[in-house]
Amino acid sequence: MANKRVFVSGCYDMLHSGHVAFFKEASQYGDLYVGIGSDATVMELKNRKPVYSERERLYMVKAIRYVTDAYINTGSGKIDFEEIVDMVKPDIFVVNSDGGSDVKREFCRQRGIEYIELQRKPDEGLDARSTTSLRSTVKCAIPYRIDLAGTWIDQPYVSQYAPGWALTVSVEPTVEFMERGGMSTSTRNAARKIWPYELPNYHEEMLARLLFCFENPPEKGEHVSGAQDAIGICMSGLTRHYYDNGYWPVKIESCHDEATLSWLEEHLCVIPMFPRPKGYSVVEGRRIDEEKVKALAAAADRCWEAIMDHDLDRFAAAFRDSFEAQTAMFPAMMNERVEEYIKKYAPMARAWKLAGAGGGGHLVLVVDSTENLPSEAIKIRIRR
């Protein structure tokens, strides 16, 4: 007498021991056939790309000894397996208890298929695994960014008065920087919707363009996030980008010289303060004019030149001038709590500025050396 046919379905992205244990238990009811959610279904249901493509997932699932055969489901949504079920004609449909539903139960009833729910049960000696729990422990390698000079020049309402460069460095995620802290966490979170764990190995400026467009769709109808965030995240090393009354820079230059990047790492650190309060407007009361914008652009020029020359005195002076130009245009970047932090950490630094829009977040310091810093100071590692 032929074995019964058993069917299970899922995405099986980030394949783990919990999946194998499930296949093992389900195969005890008969020959096991697996329906695998397509890449399009993963995107539809989870609003992200899968870690592994459907072809890779099919290959891995087929290689498991408890599986008789496997297929890519041809439908969409949570019942994307209908055509595959009609092809396999299983006797039994097996689900994990957290994957069961009345819709699936009714689907099986209409086709005369026995419906079985299993409790998650790891094999002896193994921890219980789920994709959700694994995702919470996998470290995201998407970078952060630090804006060194020219902050705000990437907004046309600033660069309309005078063109200029913004300077950014792409920072490895050696720590989890706070949200609303000026390290471009909102743009980084947008990047994670496209690339959940790491940037793809692709043309960096094109990645930055894709991220900028994703974060600022035409129908957004609100403040446009500055391009320096996407560029600072996606473009490795030290980068400067030139804005002239537009949202995207007219030219971009990058520095990947190891001696220069190491020099910057030796003279920069970040101090966590507090998240910018929700509802706090840093653009309220802004005072923008040609003189202030030209001062911002000139400071960014001097900052780049000093870095290229590895001249700490000139770098610190330009860093200070850039921050003073920013706060002259946007005085709301500063508040009493920020001033308290600056007063506390100024004695150990040659210069300082607020990361990003300010109003809280992180304080970036230019120091003689990153040796013997206080424990709360974060050394940066620039992404090569």
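Helix α8 (185-194) gives the most to the lining of the second largest pocket, with four residues. This is a predicted model, in which local features need pLDDT of at least 70, side-chain atom pairs count only at pLDDT 80 or more, and totals for chains, interfaces and linings use all residues. Residues are numbered from 1 along each chain as its sequence is written, and side-chain values use heavy atoms, with hydrogens and water left out.

**The pocket**

The second largest pocket has a volume of about 780 Å³. Among its 31 lining residues, S186, H223, D229, R276 and A357 are the closest to the centre. A pocket here is an open set of points on a 1 Å grid over the protein atoms alone, where a 1.4 Å probe fits and protein lies on both sides within 12 Å along at least five of seven lines; lining residues have an atom within 4 Å of a point. The volume is the space filled by probe spheres set on the points, which are joined across faces, edges and corners.

At least two lining residues each come from β6 (144-149), α8 and α10 (227-234). Helices (H or I, at least four residues) and strands (E, at least two) are DSSP runs, numbered from the N terminus. By class, the lining has six nonpolar, 15 polar and 10 charged residues. Nonpolar means Ala, Val, Leu, Ile, Met, Phe, Trp, Tyr, Cys and Pro; charged means Asp, Glu, Lys and Arg; the others, Gly among them, are polar.

**Two sheets**

Now to the strands, which pair if DSSP finds at least two bridges between them.

Five bridges join β8 (residues 238-243) to β9, and T239 stands opposite S254 in β9.

Axes are lines fitted to C-alpha atoms, for helices over the stretch in contact, and angles run from 0 to 180 degrees between N-to-C directions.

**A helix pair**

How do α11 (residues 258-267) and α12 (residues 290-309) cross, and within what distance do their axes come? The axes come within 9 Å and cross at roughly 110°. The two helices are therefore roughly perpendicular to each other, a term for angles of 65 to 115 degrees. T260, W263 and L264 in α11 meet A306, I307 and M308 in α12. This contact has five nonpolar, one polar and no charged residues.

Note on methods:
Angles under 35 degrees count as roughly parallel, over 145 as roughly antiparallel, 65 to 115 as roughly perpendicular and the rest as oblique. Contact means heavy atoms within 4.5 Å.
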